[in-house]
Amino acid sequence: MDISSSSFHQAHKVCLLRRQPSSPVNSVPVIGFSLPRITCPSLDKCRRKRSYFGVVRASVAVEEKTRTAIIRIGTRGSPLALAQAYETRAKLQAKHPELTEEGAIHIEIIKTTGDKILSQPLADIGGKGLFTKEIDEALINGSIDIAVHSMKDVPTYLPEKTILPCNLVREDVRDAFICLTAASLAELPAGSVVGTASLRRKSQILHKYPSLAVEENFRGNVQTRLSKLQGGKVNATLLALAGLKRLSMTENVASVLSLEEMLPAVAQGAIGIACRTDDDKMASYLASLNHEETRLAVACERAFLETLDGSCHTPIAGYAAKDEEGNCYFRGLVASPDGTRVLETSRKGPYVFEDMVEMGKDAGQELLSRAGPGFFGN
């Protein structure tokens, strides 16, 4: 799918709210939750006429904290994280009239370790929990009531005293190709550099296009990465289409990669909302927002990831969705970091929680067996 390019210039205002540090959090294994795949509106409708490749800043203003807040939402401070928090707020207000009063819902921005350390690849500084740890701590110590996460950032182990009972409707799971000079990866000349911090993307790119090079330490929020691309640090990059849609920035997309060309990250496009285990009031609010088809798909994918003991050190991809017959169809992939070996498998079965979790686990065990010792170190 080709998408005409224009620019993305938005004015955004973010008021950063400070919080007190808290003690470390213990972890217990928990299967993740997921969203179903849905049909997304035409990308053309998402376009905005803007100057070419302008830098976008946060477009969400955070309301001041009030004593009357019924729900305090914890989130990272990036434009995408704020967009997801405000989507959550809007859905809560649509379901519960008492939350429409001014100040009834408060947004608390929490800076995570992953937001602070941008000079190193994620794999070198501790993995995915870097984007959730401080938010989880704030939830446990009562500084916030619910935590809004991008599910692909959530480790397969959730902190003690927390649950993640809610997934919003899943966005488009595919990856978007963004480039100033080519319409697809296949059109890039040999030696072109693609910027991505994702080993999943790197391994699949190099497997299919070994003549290309990958810049791994290509980090930052969406706007930062697009600015780096514009500045010529790389020739192209890949971003999750879901995030670009939530930011109304699809005008920057040259093309959308098919699932055959680039299998997505586990839980890509899914938003998860956590609360404390003993907070029945918040659990009730979240139950009203949960999209069960998504939750089951994410659970299947995260069971696969947990079986593989996946982290930012391992190239892993997985996607579960409901097929035309109403069954679950799951595809999973593991790869060597250099892309020289890629192993894939698939499963099909009833769209039922227990069956789907078992499918994910079984697929993971198969690929572990096929990969053999030392596979991920190649």
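**Entry 1. Aromatic pair**

I began with two phenylalanines: both F304 and F330 are buried, where buried means under 20% relative accessible area, exposed over 50%, and partly exposed in between (1.4 Å probe, protein chains only). The model is predicted, so I note its terms: local features need pLDDT of at least 70, side-chain atom pairs count only at pLDDT 80 or more, and totals for chains, interfaces and linings use all residues. Residues are numbered from 1 along each chain as its sequence is written, and side-chain values use heavy atoms, with hydrogens and water left out.

I searched the whole structure for aromatic pairs and found one. Rings of Phe, Tyr and Trp (its six-membered ring) pair if their centres lie within 6.5 Å; planes under 30 degrees apart count as stacked, over 60 as edge-to-face and the rest as tilted. The pair is that of F304 and F330, edge-to-face, with 5.0 Å centre to centre and 65 degrees between the planes. It links distant parts of the chain, since F304 is in helix 10 (residues 292-307) and F330 in strand 14 (residues 328-335), 26 residues apart.

**Entry 2. Charges over rings**

I then looked for charges over rings, which requires NZ of Lys or CZ of Arg within 6 Å of the ring centre and within 35 degrees of the ring normal. The charged end of K228 sits over the ring of F218, 5.6 Å from its centre. K322 lies over the face of Y351, 4.7 Å from the ring centre.

**Entry 3. Whole protein**

I recorded eleven helices and 15 strands; helices (H or I, at least four residues) and strands (E, at least two) are DSSP runs, numbered from the N terminus. Of the 378 residues in the protein, 55% are buried. I took contact to mean heavy atoms within 4.5 Å. Among contacts between residues at least 6 apart in sequence, 76% join residues at least 24 apart.

**Entry 4. Nonpolar cores**

I defined a nonpolar core as a set of buried Ala, Val, Leu, Ile, Met, Phe, Trp, Tyr and Cys residues joined through side-chain atoms within 4.5 Å. The largest such core has 34 residues, and those with the most contacts inside it are I144, M151, F304, C328, V334 and M356. Two or more residues each come from helix 5 (133-140), helix 10, strand 13 (316-322), strand 14 and helix 11 (353-371). Helix 10 gives the most, with six residues. I also found a second, separate core of 21 residues, which includes L82, I146, V148 and Y285.

G129 counts as partly exposed because its relative accessibility is 26%. Leaving aside neighbours within four places in sequence, G129 is in contact with D153 and P155. G129 and G114 are 15 residues apart in sequence and 8.3 Å apart in space, C-alpha to C-alpha.

**Entry 5. Cysteines**

How many disulfides are there? With a disulfide taken as a pair of cysteine sulfur atoms within 2.5 Å, I counted zero. C166 is in none; the nearest cysteine sulfur, that of C275, is 9.2 Å away. C166 counts as buried because its relative accessibility is 0%. C179 also counts as buried, at 4% relative accessibility.
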